[in-house]
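Here is a short tour of a protein model, written for someone who would rather look at side chains than read tables. Keep the structure open and follow along.

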Amino acid sequence: MPESVNTETIDVVGRFVAEQGIPERMRGDVRLLGELLGRVLRESGSPGLYEDVEALRTATIQAYTDESDQAFAAAAAIADGLTVARSDEVARAFTAYFHLVNVAEEHQRVRVLRERDGAPSSSPAATVGSALAQLRAELGDETALERLQSMRFHPVFTAHPTEARRRAVSASIRRIAELLDDHDGATTATRRRRVERGMLEEIDTLWRTAPLRAEKPSPVDEVRSVMAVFDETLYGSVPDVYRRIDETLQGPDEGDGAPLVRPFVRLGTWVGGDRDGNPFVTAAVTKQAAAIASEHILLGLERTAVRVGRGLTLDADTTPPSDAVLALWQRLRAADEDAAAEIAKRSPNEPHRRIVLLLARRIAATRTRDADLAYRDPDDLLADLRVVQESLVAAGAKRQAYGDLQQLIWQVETFGFHLAELEVRQHSAVHRKVLAELDGGGALSEQAEEVLQVFRTVAQIQQRHGRRAAGRYIVSFTQSAEDLENVHRLARAAAGPNGEPPVLDVIPLFETFADLQAAPRILAEIVEHPAFADRLEATGRRLEVMLGYSDSSKDVGPVAATLALYEAQRQIAEWARGNRIELTLFHGRGGALGRGGGPANSAILAQPPHSVDGRFKLTEQGEVIFARYGGRDIAMRHIDQVAAAVLLASAPSIERRNEDAATRFADVARTMDETSRARFFALVKAPGFAPWFATVTPMEEIGLLALGSRPARRGLSVESLEDLRAIPWVFSWTQARINLTGWFGLGSALEAVGDEALLQEAYRDWPLFRTMIDNVAMGLAKADERIARHYLALGDRDDLARMVLDEMHRTRDQVLRITGAEQLLANKPVLQRAVKMRSPYVDALSLLQLRALRALRAAPEEEPADPELQRLLLLSVSGVAAGLQNTG
């Protein structure tokens, strides 16, 4: 490497890293991983690659730190001066670096969590234990415990295409994370060298693994990706969360008595069930998805039961079995004589061990569909496990009863035999079309046959895996009570005159601004329909309503959408209480700010009174699934934090605070709503906006990425935004470093309010407003005006570009005034550090992306796009997504 590059790199890069305030151990991790990546690049066989990467890295850091036009131009010149082939390599190097930085940052989070483990928290929303303490203070011990034991947290995994990584890349990242953990624990120089050699090998593998998928994943591929998260994290971490909470509640007595905590996590999935606009999700795929999930959970339960059984080496003399256990043994032995004889031979005078090992065989029989031994449903298995548990308690073996055996019971209660409830979603217009065909009496179209087959498939899944396995049916773009009644009509038609339709809970999804406003009226009408009313009574008057964050934001802008969602929740909650309905609001949030992203716990605590009431359900998708549930410690922390917020949201003080703030700042909300909508419409309804948007962002090219099975658009044209899905709408603005979907219109809205003191008061006292401002600050911190200008210049529309940049300036200025800070995210130093640490490296990828995008836009329309330039652009898209993280 030339001496000049080396010296400059040490000076600029070293100073930049030192100024970020990175904890020493994390800094050491970043340094180690960066050095190993540098070695991989030097050994890559591509002469000069390392030097080119370092030159661009140094230049972008210089441009980021001194903010001069000359420094930025110098960095852009380096990016533009690389060949396309070298740009490809450089983009891959920066993407690999982001993956490694993400590993180091997550590792530091895990370190901090482990160091804090068991330490008291000053924030009631930090843990379930501290939230319960506040509830006890406000409501008394009995009521607080009742609320804990009736709580529900229901994450629903979706296959929305915002995860740009291949599974092979994710697997490599996971192995590097494990090695970094091993490095912490290495006590000798020899062991450290061995671990570092393993890291070097894995980083080399990461570098050499193609970062882009060759083909879009099928829906079944997406199912298996979600299963990987379950196998590696959730199966073990969810019961560990219960255990940790119970330890907090019972203290030193934990394990010596029945647990106070009850399983509150329920998993859902749209993967293999969401067919709204995705023609690749068929009835056959839905059936296969349910079978795969059942296979995974039954295999997990079987292995756990074997392990638990082998550990129950309790002699009948010290731990005498109950009469119920002896009767259970007789039943099991009669059904499985040969196995019972063999197990009895290996477990002499160990009755509890014998039974649990035979229960493991019954679980295996359930998986393999052996009718002679299979369980009918998980309740039967739970009944057998509790017979064993009660016998152990009666014999004085409480530690064994409430130890590993309790973990197994919690797993069965949480996951059943289905793992995650498979939810079906379809567009209301499709239902209307199929019903019109049925009413017409002619031959049915292929689409109509497929829609009817879905209902038959749901019935089959319920018969095979139980009603909990599938039964929620979500209607996209619900605009009338008839849209919900249509589902029951179709279910009856699919079953035929002699068949039995599946048991369905039909869930309206209100997405657009107009639909959110109409929601209370539609709900009041639907509960009068006979089929809906019958199901409502059968469930104890439980009702679920889904709110769409994506389309409402694309419809009226982020500010008006946020306020409309709050008002819809308030009205729906009031209507539900007035009609004695137990309401669960299902939040269709994405990872990005324009799709409801941001910290879940602060959002929960900002909701209207009685809109949570101990139940919180939301979608988790794309990179968010990996970030929140990809590692055991992070997953446990996330579940604990969300559960704490769900519990605390129903505290009288929190409900009173939110209600008072909504009333007190109602005029502020009204002004913000009207002004932000007008500003947003001025942009998106301007003549030629849609094709301009497609020109100044890589929207069209993003459609070429093999991210997921779902099409990027419902239609083919970009002349209108109506058919463009919310994900590419958000993803594209993020790639252009503008993040428009998270903040546009807020600056004008705040300016229209005008009273700075009032707005500062709102930031202090109005949780919804504070959450909005903090999320916008994060979005603006990840944006970059200098880079944004280059993207906007591609469209040759100075009027629209100026509107975007003016609003960016206005919003940034207003946010800083309201928060009283000199820099964005000053009140969130850890997040600020993470953004600053990544930004110059993201800038390098953005410059490479701009270089490719400019060349593609300049090419004659009649000529096919240059495949090398397209590949470079897609590589940079993947890298920017890795750097910014909450992209979709």
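Arg541 sits in the loop between helix H22 (530-538) and strand S6 (542-548). Helices here are DSSP runs of H or I with at least four residues, strands are E runs of at least two, and both are numbered from the N terminus. The phi angle of Arg541 is near 60°, a positive value in a residue other than glycine. Most residues other than glycine have a negative phi. Arg541 is also buried, with a relative accessible area of 15%; buried means under 20%, exposed means over 50%, and partly exposed is in between (1.4 Å probe, protein chains only).

Asp613 has a positive phi as well, near 45°. This one lies in the loop between helix H25 (600-604) and S8, and at 28% relative accessibility Asp613 counts as partly exposed.

A word on the ground rules: this is a predicted model, where local features need pLDDT of at least 70, side-chain atom pairs count only at pLDDT 80 or more, and totals for chains, interfaces and linings use all residues. Residues are numbered from 1 along each chain as its sequence is written, and side-chain values use heavy atoms, with hydrogens and water left out.

Now for the barrel. Eight strands close up in the order S1-S2-S3-S4-S5-S6-S7-S8, with parallel pairing; two strands count as paired if DSSP finds at least two bridges between them. Strand S1 (residues 152-158) and strand S8 (residues 615-621) run parallel and are joined by seven bridges. There, Arg152 stands opposite Arg615 in S8. Strand S5 (residues 505-510) is mostly covered, with five of its six residues buried.

Next, the charges. The count comes to 63 salt bridges, a salt bridge being a side-chain nitrogen of Lys or Arg within 4 Å of a carboxyl oxygen of Asp or Glu. Three of these pairs are set out below.

| Pair | Closest N and O atoms | Relative accessible area |
|---|---|---|
| Asp204 and Arg208 | 3.1 Å | Asp204 23%, Arg208 49% |
| Arg570 and Glu567 | 2.4 Å | Arg570 28%, Glu567 30% |
| Arg857 and Glu701 | 2.8 Å | Arg857 26%, Glu701 9% |

Arg857 is partly exposed, whereas Glu701 counts as buried. Salt bridges that share partners also join Arg25, Asp29, Arg111, Glu115 and Asp184 into one network.

How far apart in helix H24 (residues 558-578) are Arg570 and Glu567? They are three residues apart, about one helical turn. Asp204 and Arg208 are four residues apart in helix H9, again about one turn.

Helix H9 (residues 189-208) also holds Arg191, which is partly exposed at 33%. Arg191 gathers with Arg192, Arg193, Arg194 and Arg197 in a patch of positive charge on the surface. Patches are made of residues with over 30% relative accessible area and no salt bridge, with like charges joined within 9 Å and nonpolar side chains (Val, Leu, Ile, Met, Phe, Trp, Tyr) within 5 Å.

Key. Areas by Shrake-Rupley, 256 points an atom, 1.4 Å probe, with all protein chains shown as cover. Lys, Arg positive; Asp, Glu negative; His and termini not counted. Charge placed at Lys NZ, Arg CZ, Asp CG, Glu CD.
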